[in-house]
Amino acid sequence: MRALRSLAPFFVFAAGYAAIALIVTNSYYQSMLTLVLVWASFGLSWNVLSGYTGLVSFGHAAFFGIGAYTTALGQIHLDLSPWLLIPAAAAFGALAGLLIGFPTFRLRGVYFALAMLAYPLALLYVFEWLGYQEVTLPMKRETPAAYMQFADQRINTLLALFLLTTMVFVTRMVEQSRFGMALLAIKQNEAAAQAAGIDTIKWKLRAITLSGAMASAVGAFYAVVLLVVTPVSVFGMLVSAQALTVTLFGGVGTVWGPVIGAAILIPTAETLHAELGHLVPGIQNVIYGLAIVILILAAPEGAFWKARDLAWRRWPKLLADGVASSNLPGREECGVPGGQRARSHPHLPTSHSHAPAAAPVPLLSVGGLSKSFGGLRAVRDVSFDVPAGTILGIIGPNGAGKTTIFNLLNGFLLPDGGQVLLDGRNLVGRRPHEVCAAGVGRTFQVMRPFARMSVADNVLIGAYIHAPTDDEARALAADAVGRVGLAHSAGRLASELTTRELRLMELARALAGQPRILLLDETLAGLGHGEADEMVGVVRSLAQDGLTIIIIEHTMKAMVRLVDRFVVLDRGAVLMEGSPEAVTRDPRVVEAYLGKKWAAYAQS
Amino acid sequence: MLRVEAANAAAGDPAVMGAVVRDVGRRKMMSKRSLVRLLGAVALLATAGLGLVCPPARAQNPSEVKVGLLVPLSGLYARPGAVMRMGAEMAIDRINAQGGVKKLGGAKLKLVLLDSGDTTEKAKNAAERMVAQEPDLVAASGSYLSSFTLAATEVTERAGLPMLTLSYSDLITSRGFKYIFQTSATSGSQAEQALPVIVKIANAAAFSPKKVAIITDNTAASISSVKPMKEHLLKELGIELVLDETFTPPLADATPLVQKVRAARPDMLFFLPTVISDAKLVLEKMNEFGMGQGRVPVISFGIAIAEPDMLRTMAPELLQGVMSAVGSWGSKGHEDLMAELKKRYNEPWMTQNAISTYADMWVIKDALEIAGKADREAVAQALRTMDGGPSKFYPGGRIKFDDKGRRVDAGLTIIQWQSGVPVTVFPPDLAMAQAIWSKK
């Protein structure tokens, strides 16, 4: 399995850790070894939700505490063993995740974070009110092993190591499947993810359910380690903060982050506490706090990413190897049909011929589309048809409602009136990922790349919508990358690309979803002269392959040579519709929007 | 001496860690295959570094016997922890000045301080550190909050280290543990004892309360303190409960609560706050409504309401007459201790934290005399079987522990704010002043 193979370094780490755990006899260091693993596991559970989706949770103590009380109360009242109660706690945690996620995912950003803060605080009071201010796990002198109460603390450490290994494995499985891809896409740009066909609510709910289960299992084990459970010690702010601290310190969005964070912070805090606490009471917290502040300033994304960036700068070969092996495991891109096409690109068409004139049945038919924002009528009664295999250009000055029309077409916005028929089926009222699944792909005016991901992975996000398996998705993505001519850059990080390459990559991401119609929002913006020509070539070749395209653009020069028809917008309404020649020669259009310069160009 | 030793230990750690880090540095240069692996190695070796630090060498010094004090020295509860340390230091100095442990040839006691911090996890870690790195300890005292004591004793019990505690929670001595000795009356016992005692004090002032009001916050200690009262004690004493209010701290406004008290016209009010600001709000409002300064006698539980810190936020007049039931207090017969505490540490009066911890050291010393050797098992056995006669520093009962580890017949002390100082007013043999009981 890919997850297993990619975890080889972790297994080396785990084996070494186990070896050390077996050598250390000092019970204090042994408990430190256990706690490092516990908090690393907790950090990983937080990471699955917040690290990958970017929805910061200040309330993971809710799950942690539910787990801890499951173990404690289950053993006190039902005399059940933690061996049973830890899995049970995971189930409760999953349920709690679902219950919490359902209402809370209506919120975004800081509102989500604040709402999450409320859950553990509420639970803290509930458990106090229930009279569980202090509970202890009864000591089992006769059958300690049956109740996970080992006199030899090394066994605790090994159990914690098993827990961590499970968490790492689960995380890596998520990371390498469409689950993780979807979460990363949501984190980097939720709108782009929806437009790429990802049902963001569904994936977020899955993430919080899994994260809740993991956190709860860790909390359940923590109760076994600490033996005393109080509301403050498991639902308290410090618990939630611990998950954030180890993960932010070590690195967000990677299995290594929480492990590194916990391995450094937990022993450091404890050593400072042990060595300085009784000399200058409180100084340990000052030093600890300062150390974290300094590291966050030096490495805002965490120690792991900083170290990786430094290493890649120093040993660039690692970069190529690393990305290729982790992100492009199936290097079969040359085998798919797109590969050949890729090599024939880019070629600039020398002669300009318009697509077939006769197209009786329109693929997309927009009728009476309207949208108001308060008193502003952004789109007024817009109607147009797009025949299959043609390119429609939408032009108009800033604020004419061009992008709003796209947002209405792909489901970001709900129109006040009108209809959008794709092959006769109305798309109005469907959510963006459903519209995407129906065959409408789009790119954005402001580019929305997933910066930390490779080109191949960026495109892969868009490919899942019509790919039942991950392998098929990879093939589709490789095909799309080839079609836009980026095959040679597939392994590079999106953050390293030029504007031209980013535009092409976004195009490929839209293509990977196998759209029937493609909405291109100012795809030529920010490109140099030659680059724009290249882009025009790519778009035209897509049309020649049978794709239907709507393109919004300011750059008239490139547009007149690209599109079959124009729709000209003025303050939300259609001013005129017609062929490029007709539009560019229309005095109203020329005067009002384009100026005499363009009129002269069009006539020449 | 303690400081020197700790400084050495601190100096030792970085040296070892430094060597490890340098070693990692060399490996880094050699292996360039995977950074991830490197990071793993760093983490590994850092932890290994921890494990390699040797515990301090075991010095079997018959002229010195180590006693642990595991209390919060940092964080939210540092202040009570510091006061406990004062009590322990005073006791150790006096014991050593009197010739140490005579049965051990005059061996001196040596205090080993451990910081239990401000969380249950830190308290347990500190206990782990105590048993792992101080194998010579014969006994310990700690850890202020019940939840810290619960966590710490999970460790000391398994290590067979006897531990004395002033914490109240019944749970501490309900777990079947063999190495825990609770010197205060448990909270359950205090709750049972308090009401009859208060009625006795009222009767002594020729007053017989018929109506009582209860205002409590919803914390564990508060709720459990009033529970037996509501369940049976009031009924048995023929007292009517005219108001029973529970609030969640912190209060924003005490007016509604105090208005209810005024409407109910109780003869006394049991008021159990945990947060000082809540105490302040209610007492101020009582004063405003003409019920303050003892006109409606206010009785609380626990030492929080009688800490010197109270005077930082409240005028002494507002506290005048407020009583509290506590596990122990600096009282009659402890005058020299109180004087020393004031002189040496500038503490205005002796709270339970100081006097109980002071007494703990003496109990350990007595147990050592009985055990005749500096061995924790022998000391534990001595504590289980000893009868040290009537208690001098804890209220009531004897220096004798039952099979649960609870001090036999442990009583409680009632203190009352009088002219800006909380003084003992009950039991009579410890009382430093007559209780003030206003008859409205």
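## Burial and core

Of the 604 residues in chain A of this predicted model, 55% are buried. Chain A holds 26 helices and twelve strands. Taking its contacts between residues at least 6 apart in sequence, 75% join residues at least 24 apart. In chain B, 51% of the 440 residues count as buried, and the chain has 14 helices and twelve strands. There, 66% of the contacts between residues at least 6 apart in sequence link residues at least 24 apart.

The largest nonpolar core has 317 residues. A:Ala185, A:Phe221, A:Val459, A:Ala477, A:Val481 and A:Ala508 have the most contacts inside it.

The overall scores are ipTM 0.76 and pTM 0.78. For chain B, the mean pLDDT is 84, with 85% of residues at 70 or more. Confidence in chain B is highest in strand E4 (residues 163-165) of chain B, at a mean of 97, and lowest in helix H1 (residues 2-30) of chain B, at 38.

Two stretches of chain B call for some care. Residues 1-36 of chain B have pLDDT below 50, and beyond near neighbours in sequence this stretch has 36 contacts in the model. Residues 38-61 of chain B are also below 50, with 56 such contacts. Where pLDDT is low, the predicted coordinates should not be read in detail.

Helix H15 (residues 303-314) of chain A has twelve residues and reaches 16 Å from its first C-alpha to its last, close to the 16 Å expected at 1.5 Å a residue. Which of its residues are buried? They are A:Ala303, A:Phe304, A:Arg308 and A:Ala311. These residues lie on the same side of H15(A) because they cover an arc of only 125° around the axis. On the face turned away from that buried side, you will find the exposed residues A:Leu310 and A:Arg313.

## Sheets and hairpins in chain A

An open sheet in chain A is built from four strands in the order E4-E3-E6-E7, with antiparallel pairing. E4 and strand E7 (425-426) of chain A stand at the edges with a single partner strand each, so one side of each is left without a neighbour in the sheet. Within this sheet, strand E3 (residues 362-373) and strand E4 (residues 376-387) of chain A are joined by eight bridges. A:Leu364 has A:Val386 as its bridge partner in E4(A), and A:Ser372 stands opposite A:Arg377. The hairpin of E3(A) and E4(A) has two residues between the strands, and A:Gly374 takes a positive phi near 60°.

A:Arg571 is partly exposed, with 15 other C-beta atoms within 10 Å.

## Backbone details worth a look

A:Asp79 is not a glycine, yet has a positive phi of about 60°. It sits in the loop between helix H4 (61-78) and helix H5 (82-104) of chain A. Is A:Asp79 buried or exposed? With 10 other C-beta atoms within 10 Å, A:Asp79 is exposed.

The bond from B:Gly142 to B:Ser143 is cis, with omega near -5°, and B:Ser143 lies in the loop between strand E3 (139-142) and helix H5 (146-159) of chain B. The bond from B:Phe426 to B:Pro427 is cis too, with omega near 0°. B:Pro427 falls in the segment after strand E12 (421-426) of chain B.

## A buried valine in chain B

B:Val131 belongs to helix H4 (residues 120-133) of chain B. B:Val131 counts as buried because it has 22 C-beta neighbours inside 10 Å. Not counting residues up to four places away in sequence, B:Val131 touches A:Ser27, B:Val155, B:Thr156, B:Ala159 and B:Leu161. B:Gly160 is 29 residues from B:Val131 in sequence, and their C-alpha atoms are 9.2 Å apart in space.

Methods
Residues numbered from 1 in each chain as written. Chains lettered and ligands numbered in written order. Predicted model: local features only at pLDDT ≥ 70, side-chain atom pairs only at ≥ 80, totals over all residues. pLDDT = per-residue confidence, 0-100. Contact = placed C-beta atoms within 7 Å. Expected span 1.5 Å × (residues − 1). Buried ≥ 20, exposed ≤ 12 C-beta atoms within 10 Å, placed from the backbone. Arc of directions from axis to C-beta. Pairing = 2+ DSSP bridges. Core = buried A, V, L, I, M, F, W, Y, C linked by C-beta atoms within 7 Å.
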